[in-house]
Amino acid sequence: MEGSVDPKNARVGPGAYVALLFAMLFFSGLLGGKEWWGVFDFTTLNGAFGKVVTDVTPQGDTVEVAKSAFRGKGGHGAMDGFLFAFGLIPAVMFALGMINVLEHYGALNAARKLLTPLLRPLLGIPGSTGLALIGSLQSTDVGASLTRVLADEGQITEKEKTVFTMFQFSAGAMITNFFSSGAVLFTLLAVDGTHAVPASIGLCVAVMFIMKIVGANLMRLILTLSERKQSAEVQHG
């Protein structure tokens, strides 16, 4: 259309970089917690479903109440799958809404210009995936929904989407899952008083992140070889 501007060639001003910085902090989880700055964190604002009573046990003059998530206990099959999917809806809708606002202020264009020189040789994907990459480290829902937006808008190819999905799939929501469950292992002590896990948290996070990159590049290699094979078959066919 005459007068339209290609997003890849759009001018990136200071405001776009400010929007990008806010987006990176918003989706990274660094501002999470119960302090006032938690209002700028995706997970904090997304909230959580309340608990429901699943069991009541008399304990003398008191009553002990056991609670569980809204999905309850013992669910299975399509019914439990539906409730699981239902629980993803708020996070996906919230993430899509935020990314549209940030895109309006130029955050995606700034990410494309700033991160493409890094992500293109590292993973073979454009810089516009930067926000989805950061978000995927905290929440698989965020990573998936933002990747879907990029694919629908044609900002990434099918090959790039597959490679990027592989990156997200390996150690999904790495930061959230590791620090909520795995980090407790580093507090354990052996009988002699030494740490039971002879490694630092930083080292483990680094290894997981590096292996995510390795997994994505393995997928990238497989797709490249497959493309070459198909091209050779067409030429000799």
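Predicted model: local features only at pLDDT ≥ 70, side-chain atom pairs only at ≥ 80, totals over all residues.

Mentor: Residues are numbered from 1 along each chain as its sequence is written, and side-chain values use heavy atoms, with hydrogens and water left out.

The open space comes first. The largest pocket has a volume of about 700 Å³ (a pocket is an open set of points on a 1 Å grid over the protein atoms alone, with protein on both sides within 12 Å along at least five of seven lines; a cavity is a set where a 1.4 Å probe fits but cannot get out; lining residues have an atom within 4 Å of a point; points join across faces, edges and corners, and a volume is the space filled by probe spheres set on them). Its lining comprises 23 residues, and those nearest the centre of the largest pocket are Asn46, Gly47, Gly87, Leu88 and Asp141. At least two lining residues come from each of helix H2 (42-46), helix H3 (77-104), helix H6 (140-152) and helix H8 (174-180) (helices are DSSP runs of H or I with at least four residues, strands are runs of E with at least two, and both are numbered from the N terminus). Among the contributors to the largest pocket, H3 gives the most, with 6 residues. Sorted by class, the lining of this pocket holds 11 nonpolar, 9 polar and 3 charged residues (Ala, Val, Leu, Ile, Met, Phe, Trp, Tyr, Cys and Pro count as nonpolar, Asp, Glu, Lys and Arg as charged, and the others, Gly among them, as polar).

Around the largest cavity stand Ile99, Leu108, Ser128, Leu131, Ala132, Leu146, Val149 and Leu150. Two or more of the residues lining the largest cavity come from helix H5 (130-138) and likewise from H6. H6 gives the most to the lining of the largest cavity, with 3 residues, and H6 also supplies at least two residues to the lining of the largest pocket. The class count for the largest cavity is 7 nonpolar, 1 polar and no charged residues.

Across the whole structure, a search finds 12 aromatic pairs (rings of Phe, Tyr and Trp, the last by its six-membered ring, pair if their centres lie within 6.5 Å; planes under 30 degrees apart count as stacked, over 60 as edge-to-face and the rest as tilted). One of them joins Phe26 and Phe42, whose ring centres are 6.0 Å apart and whose planes stand at 80°, so this pair is edge-to-face. Because Phe26 lies in helix H1 (residues 14-28) and Phe42 in helix H2, the contact ties together parts that are 16 residues apart in sequence. Phe26 and Phe42 are both buried (buried means under 20% relative accessible area, exposed over 50%, partly exposed in between, with a 1.4 Å probe and protein chains only).

Phe167 belongs to helix H7 (residues 158-169) and Phe209 to helix H9 (residues 201-236), so parts 42 residues apart in sequence are tied together. Within this pair, Phe167 is buried at 1% relative accessible area, whereas Phe209 is partly exposed at 29%. Returning to Phe26 and Phe42, ring pairs link them with Phe22, Phe27, Phe40 and Phe94 into a cluster.

The loop between H7 and H8 holds both Ala171 and Ala173. Phi of Ala171 is near 55°, a positive value in a residue other than glycine, and Ala173 likewise has a positive phi, of about 50°. Ala171 is partly exposed, with a relative accessible area of 33%, whereas Ala173 is buried at 5%.

Arg112 counts as buried at 13% relative accessibility. The C-alpha atoms of Arg112 and Gly130 are separated by 7.6 Å, with the two residues 18 apart along the chain.
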